[in-house]
Amino acid sequence: MTSYPLEPTADEMRAMLAEASERVVAHIVSLPDQPASYDTETGRAEAAARREDLPEVGAAFEDLLDTVFDAAKPTFNTAGPGYLAYIPGGGVFPSAVAQLVANAVNRYVGVWIAAPALVQLELNVIRWFCQIVGYGPGSGGILTSGGSLSNLTAIVTARRERLEDDDLRTGVIYTSDQTHHSVRKSAVLAGFPERCVRQIRSNDRQEIDVAALRATIAEDRAAGLRPFLVVGSAGTTNTGAVDDLDALADTARDEGVWLHVDAAYGGFFALTERGRSAMAGLERADSITLDPHKGLFLPYGTGCLLVKEEQALRRAHATFADYMPAMQHDADYVDFTDLSAELSRGYRGLSAWLPVKLFGIGAFRQALDEKLDLARWAADELRARPDVEIVCEPRLSLLAFRLAPDGVEGDALDELNRRWMDAVNRRQNVYLTGTMVGGRFALRICVLSFRTHLDRMERCMADIDAARAEVL
Ligand SMILES: *Cc1c(COP(=O)(O)O)cnc(C)c1O
């Protein structure tokens, strides 16, 4: 009898699921007790120990799970409650289940006709996101693999809308010196020479200097160039700064350029009252990058680009081939391939649909409000400590700070603060990263994990105090 190892029996599938679910749950409940970070040398050795040859025959499922969970354990723990570095990701549990289901079902969602109702569930997600940022009828968007690909899609769309094909060498894109580096990378990937990307200086709140932006646009126009895109930030990765979005929207309107807002970090705070007021004007952008795998706490792999006018996305991406089924041209029925660079794609919409339906959006709003509270709490705590200076107040849930004792300046001050951060991280309860603000080193705290609560922030503050005593 022929055997087909790629098709396990019903009992074999049940056994695999049971085994995997045991390990998954054990892993997740152990997260708070796992170290927040480990040293790079350990990681290097662990990785080297796992180099493998292409196996000709299979191995036992349990042994393979051992390998995977072993490899997942001692991490620079992006999933744990102590991860306050960079921009934390999420990992709400129902999304993991959703991916299991989506991959098990494996329906084709690149074109509407292949799975109309499943496509509709993902379209519901897009519609909800449009509602969250304040977009009205006619708006739309696409789920991507992350913020970087959303920014790339935005640049390509803006180019198709505002430039002629031959303008690639003269079109100009305006960013600030705080804009996420994926924007520059995307511009280059989209075919623009790097000299076409302007970095407008930011003010002392790290927000784009709008007067300088207007002046540069005028100069470029006078020089025969074609300004076509301004990229604003709603929550920079560096210090959490939010550009004056209303002023940017006015500028874009006056200049006839496309306004894209990178809200990969900040966007979902629009669910909260404080977030909405911090990001006033967001809905006036022509396109917005959101990162559900940050602010909506989904696992890595889900980004989003929203556009005020869905047709713009379609004009930029729709193509035709003889072997393809007929595309939908009714606004209610969307072929994702018509709006994006992808044809075949995973059913990533379920990662967002399931948790939002299961918990309700109120649960996410509450969690985001908690993050805003925790960041403000941390700023107040730090401000009350002698020799500590808040370099960037939290506009959303990110703040920057440093030790500035009398008589320590320049490089010595940077060095002291680097040692301070290392001494905090060495305790392995939280993981912080630093950055340069105004040419000087500062520590950052970004509260965005749904698993971070007051107890961990108190732990963080205790470690900050202990580390301070150690380095001063
Ligand atoms: C994280 C981030 C990005 C990039 O998003 P990825 O999902 O990591 O590709 C872009 N812009 C900002 C502001 C970000 O915080």
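Seven strands make up an open sheet with mixed pairing, in the order β1-β7-β6-β5-β4-β2-β3. Strands here are DSSP runs of E with at least two residues, helices are runs of H or I with at least four, and both are numbered from the N terminus; two strands pair if DSSP finds at least two bridges between them. The model is predicted, so that local features need pLDDT of at least 70 and side-chain atom pairs count only at pLDDT 80 or more, while totals for chains, interfaces and linings use all residues. Residues are numbered from 1 along each chain as its sequence is written, and side-chain values use heavy atoms, with hydrogens and water left out.

Strands β6 (residues 287-290) and β7 (residues 303-307) pair in the antiparallel sense over four bridges. Within this pair, I288 stands opposite L306 in β7. Helix α5 (residues 116-133) packs on the sheet and touches β1, β6 and β7, contact meaning heavy atoms within 4.5 Å. The direction of α5 makes about 115 degrees with that of β1; axes are lines fitted to C-alpha atoms, for helices over the stretch in contact, and angles run from 0 to 180 degrees between N-to-C directions.

Aromatic pairs join rings of Phe, Tyr and Trp (its six-membered ring) whose centres lie within 6.5 Å; planes under 30 degrees apart count as stacked, over 60 as edge-to-face and the rest as tilted. Nine such pairs are counted. One of them, between Y265 and F269, is edge-to-face, at 6.1 Å centre to centre and 75 degrees between the planes. Ring pairs also link F297, F359, F364 and F450 into a cluster.
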